Amino acid sequence: MTHTKSPGMALSRRRFLLGSAALGGSMMAPGLFNAAWAAGSDAPEKKRLRVGFIPLTDCASVVMAAVNKFDEKYGIEIIPSKEASWAAVRDKLLSGELDAAHALYGMIYGLQLGAAGPQRDMAVLMTLNNNGQAITLANQLKQAGVRDAAALKTRIDGAEKGAYSFAQTFPTGTHAMWLNYWLAEAGIHPYNDVRNLVVPPPQMVVNMKIGNMSGFCVGEPWNQRAIAEDIGFTAVTTQEIWPDHPEKVLGTTDAWVRAHPNSARALTAAVLDAARWIDASDANRIASANRLAGRAYINTNAAFLTGRMLGDYQNGLGKRWQDAHAMRFFRDGEVSFPYLSDGMWFLTQQQRWGLLRSEPDYLAVATRINRIDIYRQAATAVGGVSLPASALRASTLFDGKRWDGSNPAAYANSFAVKRDVRGRQ
């Protein structure tokens, strides 16, 4: 299938090129403003901020910003709010019960396009982490000789349709996209060949234990806990699918940022400062894991968090390794920057799997959501944070496909295994 650029795509491309100037300027997205700073006041409009999180290791920078009082440096108080599911995070963001949240990248983009709930203009303030998720398969598959995706396909091909169930955490979210991508590369259609379930992260292990699923994709510590409880093994880490991939973001609504631009900057600065602290040393990572393991946060054994947070992996099949692409929170600002190409990638996969009503103007959507102007202000406030030369970055995924954001429509339509939108459920 051939594609031509629509006038809207061409316009957004020009707008991006004019606005970025190699990030030398403020890179204002359409509709954003700096009125508060121009008026000479940068005091947070709202000082007590309720920030939602799901019990996952990658909520660390949000929690540690509050625990270590990085928030006080920027004139705010972060109140971490433990939530039961990503759907709950979505609903509380939209209702205003939460000011912001540790959120799935794809959930924020899905909301912008009305694919993840009621349409609402959304905002990504920063990326919270790269890497650190995994796909776990049940020990019953191990006992049947399945160790990898190729063996899994053979097993599924020999069974009744729908005999195997796989879970992810939210239909447009990161875990759904990693699971779909991995299955599809093996020739397993994630909607036609298996049952595709949505399960909140803290419920993954118990559901696998009672036999409700053959596999799941989720963040840590739940993959490591499945190994520790001897109910599953790590078939693939998400950093094996895409080294240094974007994962969770600090998300909120467009309306909230417009009403509280200084609070948005302060919140981003506090979490960015905490991210830098976590990545500064193994001792800080261990301290973060110990705090996160507490009842108020993840409520589990700290050992389930610490190993993979330090990059010390074992897969439950006898292999052990030091992962060069383990979970990272800062890496001199490289992790934290809200690259437009990162957001666009999730749109290409949502388009691939028939989750969008029509093909989006990829760059225009990403430019609207990813608040690079707020991030730049926060990075300036924190100090010593490097900024990239471009808002697009290039990566090569495990199937050999290169992604750089230059032609998202062609990329979205380049996959052999995809979902016919006429068959959407």
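In my notes, two strands pair if DSSP finds at least two bridges between them. Helices (H or I, at least four residues) and strands (E, at least two) are DSSP runs, numbered from the N terminus. I noted that this is a predicted model, in which local features need pLDDT of at least 70 and side-chain atom pairs count only at pLDDT 80 or more, while totals for chains, interfaces and linings use all residues. Residues are numbered from 1 along each chain as its sequence is written, and side-chain values use heavy atoms, with hydrogens and water left out.

**Entry 1: the sheet that holds β5**

I looked up the residue opposite Ala134 and found Val218 in β8. I then traced the whole sheet, which is open and has five strands in the order β7-β6-β8-β5-β9, with mixed pairing. At its edges stand β7 (195-198) and β9 (232-237); each has a single partner strand, so one side of each is left without a neighbour in the sheet. From one strand to the next the twist averages 25°. Helix α9 packs on this sheet and touches β5, β6 (165-168), β7, β8 and β9, and its direction makes about 60° with that of β5. For such angles, axes are lines fitted to C-alpha atoms, for helices over the stretch in contact, and angles run from 0 to 180 degrees between N-to-C directions. Contact means heavy atoms within 4.5 Å.

**Entry 2: the sheet that holds β10**

I recorded another open sheet of five strands, with the order β2-β1-β3-β10-β4 and mixed pairing. Its edge strands are β2 (77-82) and β4 (122-127), each of which pairs on one side only. The twist in this sheet averages 35° from one strand to the next. I saw that β4 and β10 run antiparallel and are joined by five bridges. Thr252 in β10 is the bridge partner of Ala123. Helix α14 (residues 261-279) packs on this sheet and touches β1 (48-53), β2, β3 (100-104), β4 and β10; its direction makes about 30° with that of β4.

**Entry 3: aromatic pairs**

I applied a ring rule: rings of Phe, Tyr and Trp (its six-membered ring) pair if their centres lie within 6.5 Å, and planes under 30 degrees apart count as stacked, over 60 as edge-to-face and the rest as tilted. By this rule I have 17 aromatic pairs. Tyr105 and Tyr109 form a tilted pair, 5.7 Å from centre to centre and with 55° between the planes. Both belong to helix α6 (residues 105-112), where, being four residues apart, they are separated by about one helical turn. I checked this against the rule that an α-helix has 3.6 residues a turn, so residues three or four places apart point the same way. Tyr105 is buried, with a relative accessible area of 0%, and Tyr109 is buried, also with 0%. Buried means under 20% relative accessible area, exposed over 50%, partly exposed in between (1.4 Å probe, protein chains only).

I turned next to Trp178 and Trp242, whose ring centres are 6.1 Å apart and whose planes are at 80°, so the pair is edge-to-face. This pair links distant parts of the chain, 64 residues apart: Trp178 is in helix α9 (residues 174-185) and Trp242 in the loop between α12 (238-241) and β10 (248-253). Both Trp178 and Trp242 are buried.

One aromatic cluster includes Tyr105, Tyr109, Trp178, Tyr181, Trp242 and Phe415. I also looked at Arg352, whose charged end sits over the ring of Tyr181, 5.4 Å from its centre. The charged end of Arg352 sits over the ring of Phe415 as well, 3.9 Å from its centre. A charge sits over a ring if NZ of Lys or CZ of Arg is within 6 Å of the ring centre and within 35 degrees of the ring normal.

**Entry 4: helix α18 and Glu359**

Seven of the eight residues of helix α18 (residues 362-369) are buried, so I describe α18 as largely enclosed by the rest of the structure. Among the buried residues are Tyr362, Leu363 and Ile369. I placed Glu359 in the loop between α17 (340-352) and α18. Glu359 counts as partly exposed, at 33% relative accessibility.

**Entry 5: the whole chain**

I counted 20 helices and 14 strands in the chain. Of its 425 residues, 60% count as buried.
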